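This report describes a protein chain for a reader who is new to structural terms.

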Amino acid sequence: MLHVKLAYTFADSAALRSQLDNPLFDILTAIHGAGSVGQAAITLGLSYRHVWGELKKWESALASELIVWERGKRARLSPFGEKLLFAERRARMRVLPQIENLVAEMEREFALAFDPGAHVIPMYASHDLALPRLKEFMGRSAKLHLDLQFRGSVECLEALERGECQLAGFHVSEDRAPGSMTQKAFKSLLKPGRHKLINFVGRQQGLMVARGNPKAIHAVPDLARPDVRFVNRQVNSGTRLLVEQLLRQAAIATTSVRGFDTAEPTHLSVAAAVASGLADAGFGIQAAAVEFGLDFIPVMREQYYFVCLKEAVDAAPIAALRELLARSEWQSLTADLPGYDTTGAGQVVSLSRALPWYSFRKPK
């Protein structure tokens with residue numbers, strides 16, 4: 001078996017998001033997007049000779065072609081090169097949240113060490129592409145440090161209840177009918193009079209499929225077809241809960257969905273699994289599908305909320321966060337994320353108004 005060692009560099013906040021970089025995969029990504037070795041070199045700020053030399057070096061080490069040349073056509077990755085690229089991207093998307101969690105812990109310790117009076121907001125949140133941008137925006141604009149840890153939605157609310165964080169992030173679809181699986185999962189963890197909701201973003205959730213939709217997947221019932229391989233999200237994630245609720249509404253048993261128990265930890269790793277050909281469909285946000293060049297079939301709109309205790313919502317750190325979310329600058333920072341909507345961002349919403357699970361008798 002061939003053993004290859006890869007070295008990565010980690011960059012945080014350079015482009016409002018964390019990145020893991022490796023020279024080989026940077027080159028493959030640039031060629032995949034540009035269709036030209038020369039254009040890839042320009043994109044990367046490298047010489048044509050250097051890029052060409054790196055390709056030849058790795059082709060020799062891997063004993064396989066990485067690019068295909070055809071007269072009169074754009075350069076493209078070979079089947080092996082494309083498989084290698086998407087396998088690496090999938091692995092990177094899976095590990096990046098863990099690295100970001102580690103970095104968040106280190107940043108919190110540094111922030112407190114250098115400024116004991118620094119405002120640090122410990123937060124557990126369901127995975128979202130806008131959250132790293134918010135973290136950078138808070139630090140730059142208000143010197144607020146967001147100690148961000150990615151977890152499943154249910155885990156986040158449980159952590160808030162245990163006092164392990166000051167802010168929790170979860171998302172819920174527009175289908176919030178009493179008796180739904182969403183109610184059963186969240187109602188016991190959210191208490192009127194104790195918790196307050198803060199609007200963060202609206203998102204489009206739907207089916208992610210390969211470009212051109214070769215399997216002709218158009219709706220949730222198609223997931224039960226024997227020729228469709230599905231990739232799911234992890235247990236206790238809000239998106240997995242939505243998938244289970246949609247399958248129940250369509251009277252489809254989870255055992256009928258091929259790959260239902262195959263789980264990925266983020267929207268991006270689900271998209272990477274579909275892009276690499278390991279699955280025919282996944283469920284996630286539109287922005288993740290677009291990032292990996294996938295087709296997207298909208299299924300529902302959802303709202304992503306922050307949750308805090310009632311007494312914390314007007315305290316200095318959370319009040320400052322709400323003010324930042326209401327700024328037009330924050331709206332512009334999310335404008336390039338397809339399917340996102342920042343209408344009402346920063347507004348406080350009561351549980352009884354946002355979620356139709358709580359009813360109170362009128363006083364006689």
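Helices (H or I, at least four residues) and strands (E, at least two) are DSSP runs, numbered from the N terminus. The model is predicted, with local features needing pLDDT of at least 70 and side-chain atom pairs counting only at pLDDT 80 or more, while totals for chains, interfaces and linings use all residues. Residues are numbered from 1 along each chain as its sequence is written, and side-chain values use heavy atoms, with hydrogens and water left out.

Tyr48 is found in helix α3, which covers residues 48–62. Its relative accessible area is 44%, so Tyr48 is partly exposed; the term covers values between buried (under 20%) and exposed (over 50%), with a 1.4 Å probe and protein chains only.

The table lists values for the whole protein chain.

| Item | Value |
|---|---|
| Helices | 13 helices |
| Strands | 13 strands |
| Buried residues | 49% of the 364 residues |

Helix α8 runs over residues 238–249. At 1.5 Å a residue, its 12 residues should span 16 Å, and the end C-alpha atoms are 17 Å apart, which agrees. The expected span is 1.5 Å times one less than the number of residues in the helix. Because 9 of the 12 residues of α8 are buried, the helix is largely enclosed by the rest of the structure. Among the buried residues of α8 are Gly238, Arg240, Leu242 and Leu247. Just after α8, Ala251 takes a positive phi of about 60°.
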